[in-house]
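Open the structure in your viewer and keep the selection tool at hand. Each stop below says what to pick and what is there.

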Number of protein chains: 2
Amino acid sequence: MSPRNSVREAHRTRQRIIDRGVVIASVEGLEGLTIGRLATELELSKAGVLGHFGNKESLQLAVVDAAAALFAREVPETVRDVPPGLPHLRALCEAWVSYLERDVLPGGCFFTAAAAEFDGRSGPVRDAVAGMNALWQRDLRIHIRHAISSGDLPSNVDADQLLYELAGVMLALNHFLQLQRDRSASARARRALRCLLGA
Amino acid sequence: MSPRNSVREAHRTRQRIIDRGVVIASVEGLEGLTIGRLATELELSKAGVLGHFGNKESLQLAVVDAAAALFAREVPETVRDVPPGLPHLRALCEAWVSYLERDVLPGGCFFTAAAAEFDGRSGPVRDAVAGMNALWQRDLRIHIRHAISSGDLPSNVDADQLLYELAGVMLALNHFLQLQRDRSASARARRALRCLLGA
DNA sequence: CCTACCGATCGGTAGG
DNA sequence: CCTACCGATCGGTAGG
């Protein structure tokens, strides 16, 4: 093989590791994601896995990035063409419910799990998780504000309060789906959203 | 020492292990709670720790029980004397917010963390966590239904829907407090509760 | 409750 | 990308 091809192969292997890492981490957590397990499942040596990242923390950061990219692909990008403000906000929330409902990852919402796992710690992984969260909330807040200033939501709506309540609806959805295995939770999520965002 | 005293001492040691285990697990998770760490922090040998429980799973189950007892002491028992129905429900929710706001455990809500950690697994620990959750929801549902049948809440309120939305408020509170370190979250939780349960 | 172990697995490195 | 290691730590046991 040419060196060019070899570089591409290496990149493909790296991607295989990350993709599997997102799935494992959604169930076992980012700490439960071990290099040995990745190596076994992908039929690589441990050194073959670790060589792509250097150390476990860098692997965890790559997995966090990949999970964010997956979420972006599944939620905001699917509603890219919906007009900004309330229509966009509603579409985002529906795509979000659908994302959780379809069990795209076996462990449910990656970021809910990672947030619960790392919220009491410090360091780059915690910062990355919190940063992704902040980015997503910023996105939502922009559309909430747009909806208020355009008159689609009443002018007395508090943007941060609404953001808080939307987050609650989604956290509860993940909780009821994953812990109680209650499939009717998504219907309750949609009903709560209708209450918050209108029909 | 008499054997009687020795038994009491052993019981005290066991309690020390469990109490420290609840604190550690609230930050590191129930899997991150290791026997070696408990031994070091309590100045015991590993065998001295493990001897009280037999194996790690039994230790985890004892810690789950103790966390449930702590929550019971801090929330439902403090509002024992409030009349059933809507007054009791409001008092329960206020005690719940206060419990999270006061950072009784350094890692925030033990059961939220444990639920996120174990929801994708199976076995006795997962069952214990899910069971405690179900018990608490049953308690809340009883007071919601009482409030509806006594006319304190409108008769068109759906008890399970309200339960879902209350859970969302609390999950969001824990999330914003722990991940974003946003101390103003408890004000938003109270505002959301007023919206759901009236002034 | 201790000391003294056990095999397994962890993250990580050296050298090719 | 591999083999062949390393020290540290894991849960757990034997024997006292």
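Leaving aside neighbours within four places in sequence, which residues is B:L30 in contact with? Select B:L30 and look around it. From chain B you will find B:A25, B:K56, B:Q60, B:V63, B:V64, B:F110, B:A114, B:E117, B:F118 and B:V125 in contact with it. Remember, as you click, that this is a predicted model.

**Chain A as a whole**

Along the sequence the pattern reads α-α-α-α-α-α-α-α-α. Switch to the C-alpha trace. Along its principal axes it spans about 60 × 40 × 30 Å. Colour the chain by burial next. Of its 199 residues, 50% count as buried. Contacts also reach along the sequence. Among those in chain A between residues at least 6 apart, 66% join residues at least 24 apart.

**Two copies, one axis**

Bring chain B back. Turn it by 180 degrees, with a shift of 0.0 Å along the axis, and it can be laid on chain A with an RMSD of 0.0 Å. The two copies are therefore related as by a two-fold rotation axis. Where is the axis in chain B? Select B:G168. Its C-alpha is the one in chain B nearest the axis, at 2.0 Å. The same surface serves both copies, as 100% of the contact residues of chain B recur in chain A.

**The interface**

Select the residues where the chains touch. Chain B gives 35 residues to the contact, and chain A gives 35 residues. Together they bury about 3,400 Å² between the chains. Carbon and sulfur atoms give 55% of that area. Now highlight B:Y164, B:L179 and B:R188. These three supply 22% of the area that chain B buries against chain A, more than any other three residues.

Go to residues 159-178 of chain B. This is helix α8, with 20 residues. From first C-alpha to last it reaches 29 Å, close to the 28 Å expected at 1.5 Å a residue. Zoom in on its start. There, a side-chain oxygen of B:D158 comes to within 2.9 Å of the backbone nitrogen of B:D160.

Jump to α8 in chain A, residues 159-178. Its end C-alpha atoms are 29 Å apart, which agrees with the 28 Å that 20 residues should span at 1.5 Å a residue. In α8(A), too, 19 of 20 residues are buried. At its start, a side-chain oxygen of A:D158 reaches to within 3.0 Å of the backbone nitrogen of A:D160.

**Last stop: B:G198**

Return to chain B and find B:G198. It sits in the segment after α9 (185-197). Is B:G198 buried, partly exposed or exposed? Its relative accessibility is 30%, so B:G198 counts as partly exposed. Leaving aside neighbours within four places in sequence, B:G198 is in contact with B:R90 and B:L193. Finally, draw a distance from B:G198 to B:E28. The two are 170 residues apart in sequence and 37 Å apart in space, C-alpha to C-alpha.

How values were computed. Residues numbered from 1 in each chain as written. Chains lettered and ligands numbered in written order. Predicted model: local features only at pLDDT ≥ 70, side-chain atom pairs only at ≥ 80, totals over all residues. Heavy atoms only, no water. Least-squares fit on C-alpha atoms with pLDDT ≥ 70 in both. Contact = heavy atoms within 4.5 Å. Helix = DSSP H or I, 4+ residues; strand = E, 2+ residues; numbered from the N terminus. Expected span 1.5 Å × (residues − 1). Polar contact = N/O pair within 3.5 Å; in protein donor to acceptor, adjacent residues only side chain to side chain. Buried area = accessible area lost by both parts, 1.4 Å probe. Buried < 20%, exposed > 50% of the residue type's maximum accessible area, 1.4 Å probe, protein only.
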